Amino acid sequence: MYSIIADCLEKSFEVKAVDCVSFKVKKGSIFALLGPNGAGKTTLTGILTTLIKPDSGYAEVAGFSIEEKLKVREKIGVVFQEPALDTKLTARENLEFHAMLYGMRKKERDEKILRALKLVGLEKWENVVVEKFSGGMKRKLEMARAFVHDPEVLFLDEPTLGLDVQTRRIMWEYIKALRDEGVTVFMTTHYIDEAENLCDEVAIMDRGKIIKVGKVEDLKSEIGEGAVYVEIDNPQKYTHEFEKLEGVKEVTIGEKFIQITGNVDKILPMIFRVLNGVKVRSIKVKNPDLEDVFLKLTGRRFE
Amino acid sequence: MISKVLPIYVLWLREMKRLVRSRSRFFSSLFMPLMFLVFLSSGFSGVKFQGIENYTEFLTPGIAAMAVIFSSTFAGLSVLWDREFGFLKEISVAPVSNTSIVLGRIAGSATTATLQAMAIILLSIPLGFSTDFKGIVFSTFFIVLMAITFTGMGIFFAAIIKDFHGFGMVMNFVIFPLFFLSGAIFPITKLPKFVQPLAYLNPMFYGVEGLRMVLTGRALICLTVSSIATLLFSIVTILLSAKVFDRI
């Protein structure tokens with residue numbers, strides 16, 4: 001069951017911002033678009049949230065074609081990159097108006113607003129005018145507002161941009177909590193660690209194209225290369241043996257160390273076998289991260 | 001599907017909350033029209049316009065109309081502020097049609113403008129303006145329709161200019177010319193002959209004439225014409241502003 005299906009979506013402004021993008025997002029999962037600034041993530045989010053009309057292609061959100069704007073809008077919640085609160089109103093009024101726009105009745109509103117404020121820990125601030133909120137509080141309130149009406153799909157555009165480390169972790173917890181309630185979360189990020197720690201699936205986006213989609217672990221083990229760094233005497237003695245191992249890409253030696261590059265999960269046990277009985281001073285393993293994956297796929301460093 | 005009426009009410013309610021919360025802005029916006037009223041009516045009190053016996057009586061409906069058009073054009077243009085501070089996006093992803101959004105905003109600013117115009121009319125009474133209760137009640141017809149027209153016009157220009165810099169241009173090149181061509185502070189019959197026909201294309205002209213008729217019983221054109229023209233202008237601008245709203 002998929003909450004979002006995109007089929008060759010395209011949108012050009014001066015340049016091709018979104019270039020034949022296709023992917024599917026499973027219901028109840030967290031899906032991240034990872035890419036540097038200017039990759040087209042916000043434009044793609046705009047298309048899926050019915051704010052931007054694509055030049056061509058087809059997409060379905062929560063079972064409705066994005067052409068059926070009002071039907072899609074009823075099913076989604078959105079947190080934009082820039083704040084979108086009415087700062088002259090109180091926290092509760094912001095949520096109240098939102099809930100009313102989604103046609104919720106008084107009793108249901110009160111219940112859901114309280115639940116949302118509690119989840120983000122703002123229930124004590126409900127009657128404070130939003131002008132007085134800090135950046136982090138505003139972001140939390142926007143999160144609360146986005147799910148007041150029980151959306152099926154939640155869109156978060158860079159939800160932790162500019163937040164301090166502690167608030168970021170808290171936001172991650174909210175997002176996970178919502179996923180566990182069955183909400184599908186579609187988010188964009190340019191933070192590697194956010195994509196790695198939070199998401200079930202990641203799509204790597206660059207220059208308008210999605211270049212790879214998959215589970216974080218799969219992406220890493222499929223393309224990401226790690227390295228094992230062993231400190232030993234006479235490393236040159238072992239070079240040949242390591243090079244013979246299946247899955248080893250490269251062996252580099254120094255005076256007192258040897259570095260073996262390759263798929264760490266596969267080569268590590270074999271390295272231990274080779275080193276059986278050898279006096280090893282230290283072993284360091286560097287696991288691949290999504291940054292390596294991005295580098296490998298695009299030939300460029302992230303940002 | 002959510003009804004079309006509810007969002008209009010919600011957006012109207014939002015405007016009202018904001019109005020109550022920034023009362024000082026409401027009162028300070030009365031200041032300019034009141035200055036016009038006080039200084040013009042005392043400064044020109046000795047001047048005799050042909051066919052006008054009492055200048056304060058002539059001027060007050062014009063100044064009430066002025067308060068309406070400035071306040072409601074400003075309200076329409078303020079969708080630019082909403083866009084800048086993001087609130088517009090929040091409404092744009094809600095399951096609400098453009099027409100409802102536009103009507104909600106128009107309802108909000110028409111209420112504000114009506115309150116302002118009423119305040120001007122009531123404050124002008126101690127300054128020597130005389131009208132009756134019936135006149136004040138009927139004046140709301142013209143005030144509300146003018147507010148609708150000019151809020152719609154503000155939204156229309158917001159869609160065209162797209163940023164704050166154009167704001168002054170709209171005021172200078174649209175609102176002030178319409179104001180001077182409306183007969184609000186002097187009769188348009190005093191304008192050069194070739195300019196006068198322009199007044200008949202000006203929505204504010206019919207609003208001013210209508211207001212003058214219901215409040216003082218004297219005007220250049222008859223009530224039927226000014227009522228119908230004002231009504232038509234308001235309908236056209238509602239349709240127009242709903243159509244261009246996408247582009248903001």
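Start at the end of helix 3 of chain A: the residue A:Gly103 follows this helix, and its phi is positive, near 70 degrees. Helices here are DSSP runs of H or I with at least four residues, strands are runs of E with at least two, and both are numbered from the N terminus. Before going on, the ground rules. This is a predicted model, where local features need pLDDT of at least 70, side-chain atom pairs count only at pLDDT 80 or more, and totals for chains, interfaces and linings use all residues. Residues are numbered from 1 along each chain as its sequence is written, chains are lettered from A and ligands numbered from 1 in the order in which they are written, and side-chain values use heavy atoms, with hydrogens and water left out.

Back to helix 3 of chain A, residues 91-101. How many of its residues are buried? The count is 11 of 11, so the helix is mostly covered, where buried means under 20% relative accessible area, exposed over 50%, and partly exposed in between, with a 1.4 Å probe and protein chains only. Among them are A:Leu95, A:Phe97 and A:Met100. What do they pack against? In chain A, helix 4 (106-119) and helix 5 (135-147); in chain B, helix 1 (5-21) and helix 5 (87-92).

Take one residue of helix 4 of chain A: A:Leu117. Its relative accessible area is 0%, so A:Leu117 is buried. Leave aside neighbours within four places in sequence. A:Leu117 is then in contact with A:Leu95, A:Leu122, A:Glu123, A:Glu126 and A:Leu141, contact being heavy atoms within 4.5 Å. A:Ile175 is 58 residues from A:Leu117 along the chain, and their C-alpha atoms are separated by 14 Å.

Next, pockets. On a 1 Å grid over the protein atoms alone, a pocket is an open set of points with protein on both sides within 12 Å along at least five of seven lines, a cavity is a set where a 1.4 Å probe fits but cannot get out, and lining residues have an atom within 4 Å of a point. Volume is the space filled by probe spheres set on the points, joined across faces, edges and corners.

The largest pocket has a volume of about 1000 Å³. It has 34 lining residues, and the closest to its centre are B:Arg18, B:Arg25, B:Phe74, B:Ala75 and B:Ser78. Elements giving two or more residues to this lining include helix 3 (55-77) and helix 6 (98-124) of chain B. By class, the lining has 16 nonpolar, 9 polar and 9 charged residues. Ala, Val, Leu, Ile, Met, Phe, Trp, Tyr, Cys and Pro count as nonpolar, Asp, Glu, Lys and Arg as charged, and the others, Gly among them, as polar.

The second largest pocket comes in at about 870 Å³. Of its 36 lining residues, A:Thr50, A:Leu51, A:Ile52, B:Ser92 and B:Asp246 lie nearest the centre. Which helix gives the most to this lining? Helix 1 of chain A, with 5 residues. The classes split into 13 nonpolar, 11 polar and 12 charged.

Last, cysteines. The whole structure holds 1 disulfide over all chains, meaning a pair of cysteine sulfur atoms within 2.5 Å. It joins A:Cys8 to A:Cys20, S to S 1.9 Å. The torsion about the S-S bond is about -120 degrees, so the disulfide is left-handed. A:Cys8 is partly exposed at 27%, and A:Cys20 is partly exposed at 36%. Elsewhere, A:Cys199 is buried at 9%, while B:Cys222 is partly exposed at 40%.
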